[in-house]
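User: I have a chain that I would like to go through with you. Could you please look at it with me?

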Amino acid sequence: MTNVGDPPQYFWCIKHHRVEHGDDRCPSKYLLGPYPSPADAEQALAKVKERNEEWEDEDARWQGDPS
């Protein structure tokens with residue numbers, strides 16, 4: 001599998017806990033991304049956690065929980 005697009009794309013592998021790109025990356029079921037840089041890919045899990053917390057807060061507000 002090759003990188004599509006320009007500039008290169010980077011992914012966070014949840015299986016190996018590392019940044020991957022190019023032809024040597026794992027199957028997509030193990031990848032988060034794409035990200036524009038290795039540094040952004042390294043922050044993938046933190047971004048997932050942040051989004052999950054935001055969605056949980058939004059769900060709580062939707063259900064009437066004022067906290």
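User: What share of the contacts between residues at least 6 apart in sequence join residues at least 24 apart?
Analyst: The share is 27% in this chain, where contact means heavy atoms within 4.5 Å. Please note that this is a predicted model, in which local features need pLDDT of at least 70 and side-chain atom pairs count only at pLDDT 80 or more, while totals for chains, interfaces and linings use all residues. Residues are numbered from 1 along each chain as its sequence is written, and side-chain values use heavy atoms, with hydrogens and water left out.

User: Thank you. What pattern does the chain follow along the sequence?
Analyst: The pattern reads β-β-β-α-α, which comes to 2 helices and 3 strands. Helices (H or I, at least four residues) and strands (E, at least two) are DSSP runs, numbered from the N terminus.

User: How do β1 and β2 pair?
Analyst: Strand β1 (residues 10–13) and strand β2 (residues 18–21) are antiparallel, with 4 bridges; two strands pair if DSSP finds at least two bridges between them. They form a hairpin with 4 residues between them, and H17 in the turn has a positive phi of about 55°. Across the pair, F11 stands opposite E20 in β2.

User: Which residues make up the largest nonpolar core?
Analyst: It has 5 residues, namely Y10, W12, Y35, A41 and A44. A nonpolar core is a set of buried Ala, Val, Leu, Ile, Met, Phe, Trp, Tyr and Cys residues joined through side-chain atoms within 4.5 Å. Buried means under 20% relative accessible area, exposed over 50%, and partly exposed in between (1.4 Å probe, protein chains only). Of the 67 residues of the chain, 19% are buried.

User: And what is A44 in contact with, leaving aside its neighbours within four places in sequence?
Analyst: A44 touches W12, L32 and Y35.

User: A change of topic: how many disulfides are there?
Analyst: There are 0 disulfides, a disulfide being a pair of cysteine sulfur atoms within 2.5 Å. C13 is in none, and its nearest cysteine sulfur, that of C26, is 3.6 Å away.

User: Finally, how many residues does α2 have?
Analyst: Helix α2 (residues 44–62) has 19 residues and reaches 27 Å from its first C-alpha to its last. That is close to the 27 Å expected at 1.5 Å a residue, the expected span being 1.5 Å times one less than the number of residues. Just after α2, G64 takes a positive phi of about 95°.
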